[in-house]
Amino acid sequence: MRKLEQQVFPRWARLRAEHGFDEAFSQFGPYAGAGIKIHTIDAFTVESTMDLVEANTNYVGTHFGGSLYSMCDPFFMFLLMQNLGDGYIVWDKAATIDFVKPGTGRVTARFYIPKEEIEGIKTELVKTRKMDRVYICEVKNAAGETVARMSKTLYVRQKKR
């Protein structure tokens with residue numbers, strides 16, 4: 001059986017070292033092409049924004065669903081990886097997205113995992129060694145209305161000692 005370990009892909013490590021976490025995404029194809037911008041608020045919060053531009057417009061002139069998902073995809077995983085540290089493995093396990101209303105103009109998504117939850121995960125993993133966590137994110141338009149709702153299931157476990 002193949003041993004599954006987790007490490008940051010060398011390109012991402014280089015981009016992050018050279019440009020910082022937020023700016024590294026501007027070098028990543030799906031984010032650059034769709035015009036997705038990243039802003040780290042603090043160690044537990046990241047926000048992504050996307051304006052409606054021709055490159056991310058669908059057949060009927062609203063935000064392309066793949067771009068809406070893309071702006072949400074990695075951030076809960078990143079927050080857990082960063083805050084849990086090297087002794088843990090975090091993998092995307094499943095995701096769903098519900099398109100609530102057409103997205104036009106600027107849309108924003110915020111990802112937040114409280115410090116207390118991170119500590120609770122560490123405590124629980126001492127007992128169970130692995131778990132799934134589900135996180136929900138809403139993509140909102142400039143009026144604060146929900147455009148899309150993403151649910152992300154993450155697999156989390158302690159590394160073997």
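Author: A residue counts as buried at under 20% relative accessible area, as exposed at over 50%, and as partly exposed in between, with a 1.4 Å probe and protein chains only. This is a predicted model, in which local features need pLDDT of at least 70 and side-chain atom pairs count only at pLDDT 80 or more, while totals for chains, interfaces and linings use all residues. Residues are numbered from 1 along each chain as its sequence is written, and side-chain values use heavy atoms, leaving out hydrogens and water.

Reader: What percentage of the residues in the chain is buried?

Author: The chain has 6 helices and 6 strands, which are DSSP runs numbered from the N terminus (helices: H or I, at least four residues; strands: E, at least two). Of its 161 residues, the buried share is 37%.

Reader: Which face of α6 do I118, I121 and L125 belong to, buried or exposed?

Author: On the other side of α6, E116, V126 and K127 are exposed. I118, I121 and L125, by contrast, are buried. Seen down the axis of α6, its buried residues fall within an arc of 55° (taken from the directions from the helix axis to the C-beta atoms), so they line one face of the helix. For I118, I121 and L125, the word is therefore buried.

Reader: Which elements do the buried residues of α6 pack against?

Author: Contact here means heavy atoms within 4.5 Å. The elements packed against by the buried residues of α6 are α5 (75-84), β3 (88-99), β5 (130-141) and β6 (146-158).
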